[in-house]
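Try each task before reading its solution.

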Number of protein chains: 2
Amino acid sequence: MKIIKALSLLKEKGLSNTGSRKRILEALMFSSGPLSAHEIYQRLLKEGVNCNESTVYRNLQKFLEKDLVQSFTLNDGVSRFEFKKSSDDHHHHIVCLKCKMMKCLDLCKVEDYFEEMIKKLGFVSVSHNLEFYGVCKSCTNSGLK
Amino acid sequence: MKIIKALSLLKEKGLSNTGSRKRILEALMFSSGPLSAHEIYQRLLKEGVNCNESTVYRNLQKFLEKDLVQSFTLNDGVSRFEFKKSSDDHHHHIVCLKCKMMKCLDLCKVEDYFEEMIKKLGFVSVSHNLEFYGVCKSCTNSGLK
DNA sequence: GCTTTTTTGCAAATAATTTGCATATTTTTC
DNA sequence: GAAAAATATGCAAATTATTTGCAAAAAAGC
Ligand SMILES: [Mn+2]
Ligand SMILES: [Mn+2]
Ligand SMILES: [Zn+2]
Ligand SMILES: [Zn+2]
């Protein structure tokens, strides 16, 4: 198992190497789950990295263009970003409506089931966004909020 | 086939009958597809109905609570609302990335496929949000934008 | 009709994201 | 390695969707 470093990824994608950019990418690479722009910004702050929030947004855009990350928007209106371990890494999440905890769901055959329907409508280059919402085990038990 | 009127729906749900409220609900009932708060507001304006945009938002909230409408958020960050023809009306949409045209997709067995996975994680009261994005037939042909 | 409850309009607040522009940093060129 | 060219950053302001406080208006209950 090869460990890919942020720096070589940036080079590979033709992105210039700046301190902020590398730190933003690393935050995503080492995160255990999706992060919002603001969450990334706050992590950098905590680490003492001087980085503007606009810079976070601009870099996330770049990462999306270069297919380094995937993004999705939850029903709270906030976009989350997640490092793509491989170019065909495609999966979804389930979010706890109470504590906001999020779990990744492996595998996704969603398009297979809608494929025919969509084909009939004549759409091409189809992608999708799917999120599940529910109440997680610990919130169910604790009777939180 | 019974025609249900906005007014009787409001009464049924215990919502007071105001001009704006009735018009907002009707806009949704008679629309051929999902509408954003702003789109509803603009339709009312065009019809010469005096109604504030905050009022639209507040009524949409009420309709959601009373299960008269369903809502979902597209990746443009805007929520759309759609009248529920029945309480178990559950379906999704595909949106053209170029012209924003939207089609309803009937049937949804998404939860069946993720059910086991989600059950294992211990989540309950699970719902989901699913949108497809693609390029529609006429945009593919016209080579728009 | 009078009282109570709910809704509305309006203006201001909130919050996520984007943008213009001057400055700073990185990359490329020589 | 220094200068020129390309790119990225910080900062403040703009944008946009949505929410909120509050006083006035309308609807519901009696
Ligand atoms: Mn994930
Ligand atoms: Mn629909
Ligand atoms: Zn999927
Ligand atoms: Zn579904």
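**Exercise 1.** Find the residues of α5(A) that are buried, and work out how they are arranged around the helix axis.

*Solution.* Step 1: the buried residues (under 20% relative accessible area, 1.4 Å probe, protein chains only) include A:V110, A:F114 and A:I118. Step 2: these residues sit on the same side of α5(A) because they cover an arc of only 50° around the axis, taken from the directions from the axis to the C-beta atoms. Step 3: an α-helix has 3.6 residues a turn, so residues three or four places apart point the same way. Step 4: on the face turned away from the buried side, look for A:E116, A:K119 and A:K120, which are exposed (over 50% relative accessible area). Step 5: the cover over the buried residues includes β6 (124–135) of chain A, and from chain B β4 (92–96), β5 (102–105), α5 (110–121) and β6 (124–135).

The model is predicted, with local features needing pLDDT of at least 70 and side-chain atom pairs pLDDT 80 or more, while totals for chains, interfaces and linings use all residues. Residues are numbered from 1 along each chain as written, chains are lettered from A and ligands numbered from 1 in written order, and side-chain values use heavy atoms, without hydrogens and water.

**Exercise 2.** Which side chain places an N or O atom 2.6 Å from a phosphate oxygen of DNA strand D?

*Solution.* Step 1: 21 residues surround DNA strand D, each with a heavy atom within 4 Å of it. Step 2: the 2.6 Å pair belongs to A:T55.

Technical notes. Polar contact = N/O pair within 3.5 Å; in protein donor to acceptor, adjacent residues only side chain to side chain. Helix = DSSP H or I, 4+ residues; strand = E, 2+ residues; numbered from the N terminus. Contact = heavy atoms within 4.5 Å.
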